[in-house]
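Biologist: I'd like to learn how to read the contacts in a model like this one. Could you take me through it step by step?

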Amino acid sequence: MSAQTSTSTAPATTSSLDAGLIWFDGQIVPEAEAKVSVLTHALHYGTSVFEGIRAYETERGAAVFRLREHSKRLLDSAKIMGMPAPWSVEEIDRAILETIRANERQSCYIRPLIWYGAESLGVNPGRNKLHMMVATLPWGIYLGDDAVRKGASLLTSSWRRSSGDIMPTKAKAGGNYVNSVLANADARELGFDEALLLDKEGFVAEGSGENVFFLRDGVLYAIAHSVNLRGITRDTVITLARDMGTIVESTMATRDELYTADEAFMVGTAAEVTPIASIDKRAIGTGVAGPYGLAMRERYLDVVSGRLPEYHEWLTFVYE
Ligand code: PPE
């Protein structure tokens, strides 16, 4: 039996994400008009690079947190993928600010994406044009209210983080995220909040979308860069911790090292700072969100919301 087809009207392509106006190859257009072909190379082979950025409401209106670092990482991802992106870091900054202003947002999650178009099919991307879009979305607490208050429950994933000789793990490339999607979906299906991925050697790499920290005897340990993303929130938290007088070290760690930590937490643009209550059903510390993680979450939210002037250099005020 053949599938029923209709040639009269194209199916709707609008999302239910309330993205409003989108920056699409230099034009600001309603989301319903920001369309791509079903033969888009990136849709078939994951040949896209993206960023996740947040803007927060401050006393001086919306401010984007660490805009330049995110625009730079977007271009670094393109470079790793061998994509000849024609946009400069300044142009990307401007496109992002323009999109926030067009939507009159006070706070939002920002998703820039660069991808190969639909000029040719087949693995070789060479003949496809590169496109860029910027969307802004209302987006609340990533792992939910409960995970933040009580601490998140993690499951060590049976999916390993890709190694650097299989995928370019420092690039935020669309195709890389199949690994995160599989790990996260398994963990959620089994009733956990998030997946913890190990690398090929069995060392802790990261969450499906977060970097990991743990605390032991007053020292804060950041999981070392190996196959994990060079997280901007990780860098922020290391700076904040040192400014608070905490000793911070970068380390490799096995999963059992985390089981017996005094505290652990995950960090990322979307997740912000989210305490970990348990891993593989083992309580971390007392099995609730720990005091250091909660204090770091408060500190982080103060910084991104502009309440601490000494960190204003990290903020780009959108309406000034
Ligand atoms: N590791 C991974 C794999 C990752 O995707 C992120 C961001 C991080 C670490 C933290 O990086 P940073 O945001 O620079 O601190 N994950 C983004 C995507 C989340 C999503 O569901 O999509 C994010 O947090 O925006």
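This is a predicted model: local features need pLDDT of at least 70, side-chain atom pairs count only at pLDDT 80 or more; totals for chains, interfaces and linings use all residues.

Biologist: Which residue does the side chain of Glu-272 meet in a salt bridge?

Modeller: The general idea comes first: side chains of opposite charge can pair when their charged atoms come close. Here the partner of Glu-272 is Arg-297, with a distance of 3.5 Å from N to O. Glu-272 sits in strand β15 (residues 272–279) and Arg-297 in helix α8 (residues 291–304), so the pair links distant parts of the chain, 25 residues apart. Arg-297 is buried too, with a relative accessible area of 7%.

Biologist: Which residues do salt bridges with shared partners join into one network?

Modeller: Arg-54, Glu-272 and Arg-297 are joined in that way.

Biologist: How many salt bridges does a search of the whole structure find?

Modeller: The search finds 15. One of them is between the side chains of Glu-51 and Arg-73, at 2.8 Å from N to O. Glu-51 lies in the loop between β3 (48–50) and β4 (53–58), while Arg-73 belongs to helix α2 (residues 67–80), so this pair ties together parts that are 22 residues apart in sequence.

Biologist: Are Glu-51 and Arg-73 buried or exposed?

Modeller: Both are buried. Glu-51 has another contact to look at: a polar contact of 2.7 Å joins its side chain to that of His-70. His-70 is found in helix α2, and it is buried, with a relative accessible area of 1%.

Biologist: What does the salt bridge between Arg-307 and Asp-302 look like?

Modeller: The closest N and O atoms of Arg-307 and Asp-302 are 2.7 Å apart. For the surroundings, read each residue on its own. Arg-307 has a relative accessible area of 51%, and because exposed means over 50%, Arg-307 counts as exposed. Asp-302, at 22%, is partly exposed.

Biologist: Let's turn to the surface. Which residues form a nonpolar patch there?

Modeller: Look for Val-38, Leu-39, Leu-43, Tyr-45, Leu-121 and Val-123, which together have about 630 Å² of accessible area. Take Val-38 as an example: it is found in the loop between β2 (27–30) and α1 (41–45). Val-38 is exposed, with a relative accessible area of 66%.

Biologist: And the ligand? Which residues come nearest to it?

Modeller: There are 21 residues around the ligand, and Tyr-109, Tyr-142, Tyr-177, Thr-233 and Thr-269 come nearest. By class, the shell divides into seven nonpolar, eight polar and six charged residues. You can also read the shell by element: β6 (108–116) and α6 (232–243) each supply at least two of its residues.

Biologist: Where do N or O atoms of the protein lie relative to the oxygen and nitrogen atoms of the ligand?

Modeller: Start with Thr-269, where an N or O atom in the side chain is 2.6 Å from an oxygen atom of the ligand. In Arg-111, a side-chain N or O atom is 3.1 Å from a ligand oxygen. With Gly-209, a backbone N or O atom lies 3.3 Å from a nitrogen atom of the ligand.

Biologist: How much of the ligand's accessible area does the protein cover?

Modeller: On its own the ligand has 550 Å² of accessible area, and the protein covers 92% of that.

Notes. Residues are numbered from 1 along each chain as its sequence is written. Side-chain values use heavy atoms; hydrogens and water are left out. A salt bridge is a side-chain nitrogen of Lys or Arg within 4 Å of a carboxyl oxygen of Asp or Glu. Helices (H or I, at least four residues) and strands (E, at least two) are DSSP runs, numbered from the N terminus. Buried means under 20% relative accessible area, exposed over 50%, partly exposed in between (1.4 Å probe, protein chains only). Patches are made of residues with over 30% relative accessible area and no salt bridge: like charges are joined within 9 Å, nonpolar side chains (Val, Leu, Ile, Met, Phe, Trp, Tyr) within 5 Å. Accessible areas come from the Shrake-Rupley method with a 1.4 Å probe; for residues, only the protein chains shown count as cover. A residue is near a molecule or strand if one of its heavy atoms lies within 4 Å of it. A polar contact is a pair of N or O atoms within 3.5 Å; within protein, one must be able to donate a hydrogen and the other to accept it, and residues adjacent in sequence count only if both atoms are side-chain atoms. Ala, Val, Leu, Ile, Met, Phe, Trp, Tyr, Cys and Pro count as nonpolar, Asp, Glu, Lys and Arg as charged, and the others, Gly among them, as polar.
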